[in-house]
Structures are given as structure tokens and as C-alpha cells.
Amino acid sequence: MAHQQQTAASAMPSARQEQELRPRKRLRASDVFRKISQILGELLITAGIVLLLFVGWELWWTNVEADAKQTEAVKSFAQEFSGPVTPAAPAAPVDYGPPVVAPAPAYAGMIGIMYIPRFGPDYTRPIIEGTGSDVLDTLGLGHYGSTSMPGAPGNFAVAGHRQTHGAVLDNIHTLVPGDKIYIQTADGYYTYVFRNNQIVLPDRTDVLMPVPTEPGVQPTESILTMTSCNPRFGAQERIIAYSMLDSWQPASAGPPSEIAAQVARAHGKG
Amino acid sequence: MYAWIFRNLPGPLWVRILTSLVLVGVALVLMVEFLFPWFSQFTTLTDSTIGSVQQP
């Protein structure tokens, strides 16, 4: 056995030397064909790997990137926020009067933070003005510029990704009627209560009307409308979640007790 | 093709291995920074807005 291996090993280099010494043969048609098919095969394998990498990038890496950007946005909002981050002493519910309606910021300006306890105790996402892909792809929830601001009678509508780029509304289908959705702005806290969802085709802009899907009706209530794609890994439809404004409290009153821990954590004091 | 590139890299074996790793890394960075963001506009997975108001 050992002897055989030795002869094979010593035969190899001499064969290679012979090949190198021999004058170069002219390429035959079959050689050219072999070369081309080899290059083509390597290119196809490369394309397959690049496509797989793209899927990994789209479904995983965009979330990592967007989460970092959104955490940063929440942090910078928290730094500018003046007001206690611990709730006021539990007393009889106070009526703080009609909610303050802030003017809409410029495109890509920050409106506030959304807290949805149903989506987990760490769900703190920034709400940004505008629904361009530059806003939605990195900063999370984008406010449709044509709709009202939080607290105003009418429709405060935001869009967010169901998958990729932070997947801010991935769990939108798990909302149960009665779930609280909190929006914190520089002025205070708006508490919305989830009412129902609806699955529509992507061209149904009437869900953004002051009274959703009812053209020409004068709004009397404040509605929060969230839109995202449906089904979860597709975009053939849109899932719409409607919530009604339940209460409002100014920043000076501190956060509602249900989200007090989350607010404190978001503001670096938890 | 890749074998041809590897054979034609300068230097001893370990330098060629390092060079090819760097080349793969550069290709990855270029893909993540430019190719993938450009390509993702052709996928519909990220459409989450309603109708014509997608652009403000």
C-alpha cells in the first residue's frame, strides 16, 4: 500500500512537468465549450448565492439597521422631552380638557413615540412625519401628511412595515378590541383604544378619510388608523387597524400608569 | 473563473488567501450598500402604504 502511494505521489509532479514542457496545443472547439460552460456555471452559482444573500439582507439585516436608527430617534426625543416620567399619584381621574393638537412637523420631523403594550413591553417606536420610503425604511411609523394630528377630530393615519426594515407593525393582527395604544408627543399622552381591523386592497385611499370609508362626513371623534401590508410576507392587500381616542393627559401629568415603566425605560430612567 | 483569478493573484499562498478574502468582503459591502437597496424597490414586500399618497 505504502509503496503504491509513493509511486503515485512521485508520478504526479513529473506528469505536470511534462505537460508544462509540451508546446501549447491549439484550443479545440470542445475545450472552448468546456471553458464557457464552466464560467457560465460559476456565474449562475454566484447569482444564486447573491439572491440568497439578498433574502437574508431583506428579512434580517434591514431589521437590525432600522432598530438601531429607531432606538436612536426615541433616545433623541426623550432627551428633549420635558415632563415627569413617573405617573402622578393615583387619584380620581382628572379631566384635562380637550387634547392639545400640535402642528405637523416638516417632512421627516418627529411627532412622538408610540407604545403598544400588546406588542410587548419593549415596543417603543418613533412616529415620523411623511410616508416616503426613506422615512418608512429606517424610522418606523410614518404619518400620512394629508391626515390630522393626534387629538384632532378626524383621522391620524400612520403606515409601517409588516416585514423588513424594523417590521414595526408585524403583530398588527394580534390586536384585540379594547387594547390600548399610547402616543407620546412633546405635549402629552394620547390614549387610543383599538376598535377593529379591516383588510382592503392597496388602492382603498378612503380608509384615510377623516371618518374612514365615509366620504363627506364631518368627524366628531379622533381616530388612529394604522396601515401595513397583508398577508405577512406579501403585499397583495393592506391591513388597516382603527382605534378611537379614549383620553388625553398633558406631559406635566406624567405617563399613564400602564406604560409608566416603558416610558421610564425609553427615557433612560428605568 | 474564480480559480483563474486565484491563480493570477500576486504573492505567496497566504497573501493570495488574504487578498481573496478582502475581495469577497469588498463585494459583500458593495452589495449591501448599493445593490440590495436598489434591488429592493422591485420587491413588493415593503409596500405598506395606501394608494396614491405613498409619496408626500
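In chain A, residues 24 or more positions apart make up 64% of the contacts with a separation of 6 or more, two residues being in contact if their C-beta atoms, placed from the backbone, lie within 7 Å. The model is predicted, and local features need pLDDT of at least 70, side-chain atom pairs count only at pLDDT 80 or more, and totals for chains, interfaces and linings use all residues. Residues are numbered from 1 along each chain as its sequence is written, while chains are lettered from A and ligands numbered from 1 in the order in which they are written.

Chain A contains four helices and eight strands, where helices (H or I, at least four residues) and strands (E, at least two) are DSSP runs numbered from the N terminus. Along the sequence these elements follow the pattern α-α-β-β-α-β-β-β-β-β-β-α. Of the 270 residues of chain A, 34% are buried; a residue is buried if 20 or more other C-beta atoms lie within 10 Å of its own, exposed if 12 or fewer, and partly exposed in between.

The largest nonpolar core has 47 residues, of which Ile113(A), Met114(A), Ile127(A), Ile181(A) and Ala241(A) touch the most other members. Such a core is a set of buried Ala, Val, Leu, Ile, Met, Phe, Trp, Tyr and Cys residues joined through C-beta atoms within 7 Å. Strand β8 of chain A (residues 237-250) gives the most to this core, with six residues. When neighbours within four places in sequence are left aside, the contacts of Ile113(A) include Val74(A), Phe77(A), Ile127(A) and Ala266(A).

Leu245(A) also lies in strand β8 of chain A. Leu245(A) is buried because 21 other C-beta atoms lie within 10 Å. Not counting residues up to four places away in sequence, Leu245(A) touches Gly151(A), Tyr190(A), Tyr192(A), Glu221(A) and Ser222(A). Its C-alpha atom is separated by 9.7 Å from that of Lys180(A), 65 residues apart along the chain.

The contact between the chains takes 34 residues from chain A and 21 residues from chain B. On the side of chain B that touches chain A, helix α2 (residues 13-39) of chain B gives the most, with four residues. The residues of this side comprise ten nonpolar, ten polar and one charged; Ala, Val, Leu, Ile, Met, Phe, Trp, Tyr, Cys and Pro count as nonpolar, Asp, Glu, Lys and Arg as charged, and the others, Gly among them, as polar. Of the 27 residues of α2(B), the number buried is zero, so this helix lies largely in the open.
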